[in-house]
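Have the model open as you read.

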Amino acid sequence: VKHTREIMVADFVTIFSYNAEQCEFANPTRVGIEAVPFLPTNKGYISKVALRQEFVFHNGIKENKEISKVVVDGRESKAFAGIPLIAKERTVGVLLVNYFGQHEFSAHEKVILKLLANQAAVAIDNSQLYEEQDRIIKELRIAQTKIAEAEATKTRELIATDFVHSLNNKAGTIPIWVDQIRDHLETLNHFDETLSNYLESIEIDATSLLSAADRLKAEPEDEIVNVVNMLRTLINQVRIQSPASIKVELAF
């Protein structure tokens with residue numbers, strides 16, 4: 001845009017990128033005046049330049065009813081050129097060269113503008129390709145992350161399954177051994193209440209382990225939890241285990 005203005009000695013030059021699939025203009029860049037360019041509509045001559053891939057040259061000597069006046073900062077642009085930026089047979093943008101006064105575009109200037117337009121079209125096309133590559137790379141990274149997470153989850157599931165299997169094998173034999181010990185004590189006519197309590201405690205712990213293993217194997221289900229009761233239990237444990245110097249207050 002800067003080189004085009006310098007070469008053409010124009011008052012201001014504007015370039016828009018163009019999405020041919022959605023028929024939308026974007027990324028306006030302007031040199032020569034500070035006024036921010038508005039995005040062209042689908043009804044103006046700029047849109048026709050993009051759609052028809054036609055070159056428009058207006059010298060400002062007589063009005064063209066098909067082209068609406070361009071007024072910037074209170075000044076009318078009388079002479080202008082609209083050049084489609086074409087890459088791989090598709091329009092990727094439009095180059096606009098504007099003069100506040102009259103300007104007769106020579107054949108030499110038209111050739112120069114076409115060459116500049118070709119360079120701009122290649123630049124925009126390459127930029128869009130890079131953006132597309134970046135988008136694809138990002139999508140690939142997201143897909144790879146999801147695959148890695150799925151593999152990690154599967155690995156954890158396999159480890160958990162193996163753990164549950166081992167737990168069942170080990171803990172499942174404990175009640176059997178407890179019963180055999182009881183039978184052996186009865187055979188010896190030896191009854192020890194303390195020993196009996198230990199055996200019962202071991203049996204209860206083994207049963208708890210087996211129940212925990214069953215819960216690990218089961219599919220997770222939504223569960224309603226009474227948070228208040230849970231907090232009361234936790235705070236009671238803190239009160240029991242904490243020294244007297246720590247004061248615990250409960251407020252709901």
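Strand 1 makes the largest contribution to the lining of the second largest pocket, giving five residues. Strand 2 (24–31) and helix 3 (107–171), like strand 1, each supply at least two residues of that lining. Helices (H or I, at least four residues) and strands (E, at least two) are DSSP runs, numbered from the N terminus. This is a predicted model, in which local features need pLDDT of at least 70 and side-chain atom pairs count only at pLDDT 80 or more, while totals for chains, interfaces and linings use all residues. Residues are numbered from 1 along each chain as its sequence is written, and side-chain values use heavy atoms, with hydrogens and water left out.

| Pocket | Volume | Lining residues | Nearest the centre |
|---|---|---|---|
| Largest | About 460 Å³ | 21 residues | Arg30, Phe38, Pro40, Ile46 and Val70 |

A pocket here is an open set of points on a 1 Å grid over the protein atoms alone, where a 1.4 Å probe fits, with protein on both sides within 12 Å along at least five of seven lines; lining residues have an atom within 4 Å of a point. Grid points are joined across faces, edges and corners, and the volume is the space filled by probe spheres set on them.

For the largest pocket, the elements giving two or more lining residues are strand 1 (12–19), helix 2 (45–52), strand 4 (70–72) and strand 7 (90–99). Its lining has 14 nonpolar, five polar and two charged residues. In the second largest pocket the lining divides into seven nonpolar, five polar and four charged. Nonpolar covers Ala, Val, Leu, Ile, Met, Phe, Trp, Tyr, Cys and Pro, charged covers Asp, Glu, Lys and Arg, and the others, Gly among them, are polar.

Now to helix 2. Tyr45, Ile46, Ser47, Val49 and Ala50 are buried there, where buried means under 20% relative accessible area and exposed over 50% (1.4 Å probe, protein chains only). These buried residues pack against strand 1, strand 2, strand 3 (56–58), strand 6 (79–87) and strand 7, with contact meaning heavy atoms within 4.5 Å. Gln53, which follows helix 2, has a positive phi near 55°.

In helix 4 (residues 174–187), Pro175, Val178 and Leu185 are buried. Seen down the axis of helix 4, these buried residues fall within an arc of 80°, so they line one face of the helix; the arc is taken from the directions from the helix axis to the C-beta atoms. Exposed Trp177 and Thr187 sit on the face turned away from the buried side of helix 4. After helix 4 comes Asn189, with a positive phi near 55°.
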